[in-house]
Structures are given as structure tokens and as C-alpha cells.
Amino acid sequence: MLLLVLGCNQPDPSSEIAAIMAKHPANFTDRLIAFDALVSRHFPPPDRTPVALADTLARYRKRLLDAGFAALPDSLKAESLIRFLFDSLGLMADDRNQDLALSQPTLVLRDRRGSCVGLGLVTLALAEAVGLEALPVFLPGHLFVRLRAARDSWRNVELLRKGIARSDSFYRAEFRLYQRPWYKLTSATLEQALAALAFNLANAHAATGKTAWARAEYGRVAEQLPGFPDALGAEGSLLLAEGRVDEALAKLKASIAGDSLSFPARDAYARALQHD
């Protein structure tokens, strides 16, 4: 269940997101730590203190390096990291609900379970810590990670199945990407991976009635991921609920252009047409 938002005197989170993206050090993990802290301020965990993300990642980096990770051939480093995450640490996938905690790295590491976004962010941060190139790939309602396996090849990591390898052809067929032109299986940047957490934060704010914040956050996501259908559709739905029909139609039409199978956007678009 989503947690209640703190008082109204907090700064606009979309401005905080922009500051992290624009001004924080270029190191991905530093940005992730700042972003994680932002989420905790808006949705503080009520039960236990989250792990210290920087310290935990540093400890895991040391464990990997002490075990000889740096000396491994490049072809074995990806598999070694995957086994560390899912076997040694025992991380588990949990995609049963949209709880923001499943996307937040400190809580993923504390509870040893997370969504594709939470597991993906942890994977990207730890890969950076040990010098292994890693990039996120966006799919409809899903995210996986590519790890560098050799100079000219990558290893797809299916985060919801304990890191098993999935081929690009599997994802094209499974997600019917021929009807979803925005999703081209092109690797995104590390900075764009943070947009996935921003999107889930926006969803949490929308669910708790902070719709103005949510709309602004969806806008930040769209800046990082131009044309991202989920963000456009979610923002369009909020605009429709506010009676801003023309603006809603534009957002929803753009969402459907990128993902013709998006039921939420198509449903909202049909309702918007009735009001037009």
C-alpha cells in the first residue's frame, strides 16, 4: 500500500528532480542516492530505517573485488555480477503491485525484493561500482538491463526471473513491439533509468491526491524520455480529470502513437473524445 505524503510545505519534487539531473555529479550512483533520498522525504518508510545506500553499495563492491571480480575475463563478469545479486544477496522479484517501495533501492536492498525498476537501479549502481558497463532498456510497463559481456556483445538480464538471459527476439514477440513503435529495444542511458523512478514517484503522488506534483513529474519524465507513452498517457489522464480536455487529447494521442496497445491511454482518449 502506498504511504501518505508529508506536509504541503515540501518543495516541488519536480524541481528537485531537475536539480538532481542537471547539477548533481555525473556519477550515476551519486544521482541515484540523491534521488532515493528525495523519495524517502516524500514517502518515508514507517517501520524500519532504510539501509545506507552509499555504504551498502561500497560494502558489496568490496565483497565482489575481494572475491576476484576484477581479475575475471570480461566474458565472465556479467554472469558473476548476476549471481552475486540473485544468489549471494538473494534479491527477489516482486511485481504483484505498484508499491513505490519496490522501486526504491534502499528498500529493495533492505527487504531483498523489488520491482523491475528497483532491481534494475540496484544492478546499474553496482555494475558502475565494479566498472562493468550496464544500460537500461525500456519496455511497456517493464525494464531490463544489458550488461557488457564482451567488446562487441551484451547480456540481457531479465530482472523478474533471477537474471536469466532473454533474447531481443523474445522481448519483441512477448511485448508485441511491432504495435508499439516507441519501444525499439534501444538501450537508454543511465540518467534515463532515473526517469523510471521519477515515473513511479509521480504515480504515487497521483494516487495520494498530489495531482499537480504528479503532472509536473510526468513532465520531467517526458523530458528525459521524449515520447515515453506511459508518462504521456498518465499525464493526459490527469489533465482529463481536471477538465482540460484539449490538452488531455494531445497527450493521449501522442501516447497511443507510441504504444497502440496501451489500454489506459486508449480508454482515456475515448472518454476525452466524448467531452470534446
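**Entry 1: a helix pair**

I started with a contact between two helices: F28, T29 and L32 in helix 2 meet L121, L124, A125 and E128 in helix 6. I sorted the residues of this contact and got five nonpolar, one polar and one charged. A reminder to myself: this is a predicted model.

Next I looked up the geometry.

**Entry 2: salt bridges**

How many salt bridges does a search of the whole structure find? I got 17, and I picked out a few to look at.

D74 and K77 join their side chains at 3.6 Å, N to O. Both sit in helix 4 (residues 74–88), and because they are three residues apart there, about one helical turn separates them. K77 is buried, at 15% relative accessible area.

D111 and R110 pair at 2.8 Å, N to O. Here I found R110 buried at 15% relative accessibility, while D111 is partly exposed at 29%.

E133 and R148 form a salt bridge at 3.2 Å, N to O. E133 lies in the loop between helix 6 and strand 3, and R148 in strand 4, so this pair ties together parts that are 15 residues apart in sequence. E133 is partly exposed at 40% relative accessibility, and R148 is partly exposed too, at 22%.

Definitions and conventions. Residues are numbered from 1 along each chain as its sequence is written. This is a predicted model: local features need pLDDT of at least 70, side-chain atom pairs count only at pLDDT 80 or more; totals for chains, interfaces and linings use all residues. Side-chain values use heavy atoms; hydrogens and water are left out. Contact means heavy atoms within 4.5 Å. Helices (H or I, at least four residues) and strands (E, at least two) are DSSP runs, numbered from the N terminus. Ala, Val, Leu, Ile, Met, Phe, Trp, Tyr, Cys and Pro count as nonpolar, Asp, Glu, Lys and Arg as charged, and the others, Gly among them, as polar. A salt bridge is a side-chain nitrogen of Lys or Arg within 4 Å of a carboxyl oxygen of Asp or Glu. Buried means under 20% relative accessible area, exposed over 50%, partly exposed in between (1.4 Å probe, protein chains only).
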